Amino acid sequence: MANRLADAISPYLRAHADNPVDWFPWGAEAFAEARRRDAPVMVSIGYATCHWCHVMARESFDDPVTAQELNDRFVAIKVDREEHPDVDAAYLSAASAFTGNLGWPLTVFATPDGKAFFAGTYFPPQPVAGRASFRQVLDAVWDAWSVRRTEVESDAGKVQQALAAAAQAATAVSDLPGDAQLDAAVAQLSEAEDPEFGGFGSAPKFPVAPILDFLLSRPAGHELAARTLRRMAESPLRDAVDGGFFRYATRRDWSEPHYERMLYDNAQLLDAYARAWQQTGEEWAERTADGIASFLLGVLRQPSGGFASAQDSESTIDGARVEGTYYTVTAAERAQLDPPPIDAKVLTGWNGFAIGALAQAGRILNRPAWITASRQAADAVLSRHRRDDGTLLRASLGDRSSEAGATLEDYGGLAAGLLELALAAGDPSAAASARDLVDLCLDAAGEGTCPFETPGGGDPVLEATGLAVRVDPSEGAYPSGLSSMAQAAHTLYLLTGERRYERAAREGMRLVAAQALQVPSAFGTSLALMSGLAGEAEQLVVVLPDAAPDDEPATASALLAAARRHSAALVALATESEAAAFAADGFELFDGRTTRDGLPTAYLCREFVCRLPATTPQELSAARGT
């Protein structure tokens, strides 16, 4: 039996390399083998830090008898959902036709041409509480394939057609919402709040960072956002030792977390807590932001400057793999234990989230070291993941690159992050790199329904089998590629004045507006952007002298402090020479922006119409009131 996973980039695939299962990685070879054998396909999707993925691996994929049944009857494909998010999205959509209990590990049975005909998540080794065992499922699926083949293939085709129709209907163009509709979405989220323990719903409870992004963008949502963030900060969902947040809690009171710690959760929560401090000035928000940044910089940051994907929920203690023990002991006891392993693969889009969060939070909370770390991560990703033609790679591990293609999530996440870095660090090159990425996706879309498309197209296997999801708007845990890219385009409009970026942002959001208003809990980032598109956006540019005088007046520091707390849609800090460089590169907002009397000078604008320059916080406040 060939070991096809031993040399994989993905730590998740390598963890399964020594299973007795004859695994194939995702690719055309697996489906060619299924057609050759006329055998059904089992696609097993998970990720390296997923607790129940570990459990199913130990119980079923390490079992020789179960593995033999899989090998004899099926072609088994192992997929890292973080390396192939488009594959995961396609099969999650298909799985929704068979089960409402979606998650990972995701187990999908498909025809040799990839069309799903049955799916589920975790299956135990023995029947439990009405849930069939994994081997019972294998037997039932094989029986259906062998005895009712025509029916199975017909049903798989109908599922595929229904999904295609549903995807088209779900992205029908509709009008963007106004303030009343957006505040109604806030009210809908308020009704879902747990009045006793905070958060939304009962259990399991997730950090729901995109929802918090939306609530922080609406005055009507500020109180709910602050209350939710404080409850989470004081709950067992947050690691009391080094400040990172766990993936989710299994109980309503936030207790008994599943202990994996994801880059995307913590990056978004860093941004949320910094913005909560910006709005409330509360010490708990600043303290929590500091803890998250400590986790990102002390645990997930890699030698290259980029960030690892996650830290595992399990660690090895006394020779056994156990979940959570490392996180439940004191700091002194923890120091004596080996920490849970890191999934060290660097993902382009997720690093974009971290780049943007560190830059914006560093600006708001005046943490220059965070902005420096953001710049180092940006340099690492651009140098390692950007090809000579400007297109992107999806993932790398050390000096090796994944063969998985970059997705819209990567282009949008990185572009949005680079723009936040440009604004916080006065870095026109970061803004230019972001603009290049957005332009690539606009050009790739051409005259298509969606204004953005991945350069070079999607995954070739998904494309060949008709499984590709043309527009994936889902953003339960983090922004979709569509919302990230639209967000980057909107920021570019606010920097350049080029209407094509504004049109693209609006057209992208019109594809999901109706869905977002119906189910705001699933479209937080999109709703936050729609909130920004609902009115005239404020832009604040603060220009600093190239060399600060030794005796700079106290009003200068006070002006910078006021700018950090300012709620304008776009806040940019740049020296005079940096502002000139921005303007020379086509970023019109900086045109003519200079200091006055050698002092830090603020320009408050609305749709590029600016008030008189301000050199004191009082003048800045007066400019806003006029």
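I began with pairing: two strands count as paired if DSSP finds at least two bridges between them. The model is a predicted one, and I kept that in mind throughout.

**Entry: the three-stranded sheet**

I looked up Val346 first. Its bridge partner in E14 is Ser396. E13 and strand E14, residues 395-397, pair in the antiparallel sense over 2 bridges. I then traced the sheet they belong to. This open sheet has 3 strands in the order E13-E14-E15, and its pairing is antiparallel. Strand E13 (346-347) and strand E15 (400-401) stand at the edges; each has a single partner strand, so one side of each is left without a neighbour in the sheet. Next I asked which helix packs on this sheet. I found helix H16, residues 368-385, touching E13, E14 and E15. The direction of H16 makes about 100° with that of E14.

**Entry: the five-stranded sheet**

I moved to another open sheet, one of 5 strands. I read its order as E1-E3-E2-E4-E5, with mixed pairing. Which strands stand at the edges? They are strand E1 (23-25) and strand E5 (116-120), each with a single partner strand, so one side of each lacks a neighbour in the sheet. From one strand to the next, the twist averages 25°.

I checked one pair in detail. Strand E4, residues 106-110, and E5 pair in the antiparallel sense over 4 bridges. Within that pair, Ala110 has Ala116 of E5 as its bridge partner.

Then I looked at the helices. Helix H2 (residues 28-37) packs on the sheet and touches E1, strand E2 (41-46) and strand E3 (75-80). The direction of H2 makes about 165° with that of E3. Helix H5 (residues 85-95) lies across E2, E3, E4 and E5. H5 runs at about 75° to E4.

**Entry: the cavity**

I searched the whole structure for cavities of 30 Å³ or more, and the search gave 1. The largest cavity has a volume of about 30 Å³. I noted the lining: Asp22, Phe24, Arg37, Leu70, Asn71, Phe74, Val75 and Ala76. Which elements give two or more residues to that lining? They are helix H4 (64-73) and E3.

**Entry: the cysteines**

I counted 2 disulfides. One joins Cys50 to Cys53, with S to S at 2.4 Å. That value falls inside the 2.5 Å cut-off for a disulfide. The link of Cys50 and Cys53 is right-handed, with 80° about the S-S bond. Cys50 counts as buried at 3% relative accessibility, and Cys53 counts as buried at 3% as well.

Another disulfide is formed by Cys605 and Cys610, whose sulfur atoms are 2.0 Å apart. The link of Cys605 and Cys610 is also right-handed, with 95° about the S-S bond. Are its two ends buried or exposed? Cys605 is buried at 2% relative accessibility, whereas Cys610 is partly exposed at 26%. With the bonded cysteines numbered in sequence order, I wrote the pairing as 1-2, 3-4.

I also looked for cysteines left out. Cys441 is in no disulfide; the nearest cysteine sulfur is that of Cys450, 9.5 Å away. Cys450 is likewise in no disulfide, with the sulfur of Cys441 the nearest at 9.5 Å. Cys441 counts as buried at 0% relative accessibility. Cys450 counts as buried at 10%.

Most residues other than glycine have a negative phi, and most peptide bonds are trans, so I listed the exceptions.

I found a cis peptide bond joining Trp104 and Pro105, with omega about 5°. Pro105 sits in the loop between H5 and E4. The peptide bond from Ala203 to Pro204 is cis too, with omega near -5°. Pro204 is in the loop between helix H8 (179-191) and helix H9 (209-217).

For positive phi, I noted Trp254, near 75°. Trp254 lies in the loop between strand E6 (248-249) and strand E7 (257-258). Trp254 is buried, with a relative accessible area of 2%. I noted Asp318 as well, with phi near 55°. Asp318 lies in the loop between strand E10 (314-317) and strand E11 (320-323). At 81% relative accessibility, Asp318 counts as exposed.

Notes: Residues numbered from 1 in each chain as written. Predicted model: local features only at pLDDT ≥ 70, side-chain atom pairs only at ≥ 80, totals over all residues. Heavy atoms only, no water. Buried < 20%, exposed > 50% of the residue type's maximum accessible area, 1.4 Å probe, protein only. Axes fitted to C-alpha atoms, helices over the stretch in contact; angles between N-to-C directions. Contact = heavy atoms within 4.5 Å. 1 Å grid on protein atoms, 1.4 Å probe; cavity = no way out; pocket = protein on both sides within 12 Å on 5 of 7 lines; lining within 4 Å. Points joined across faces, edges and corners; volume = space filled by probe spheres on them.
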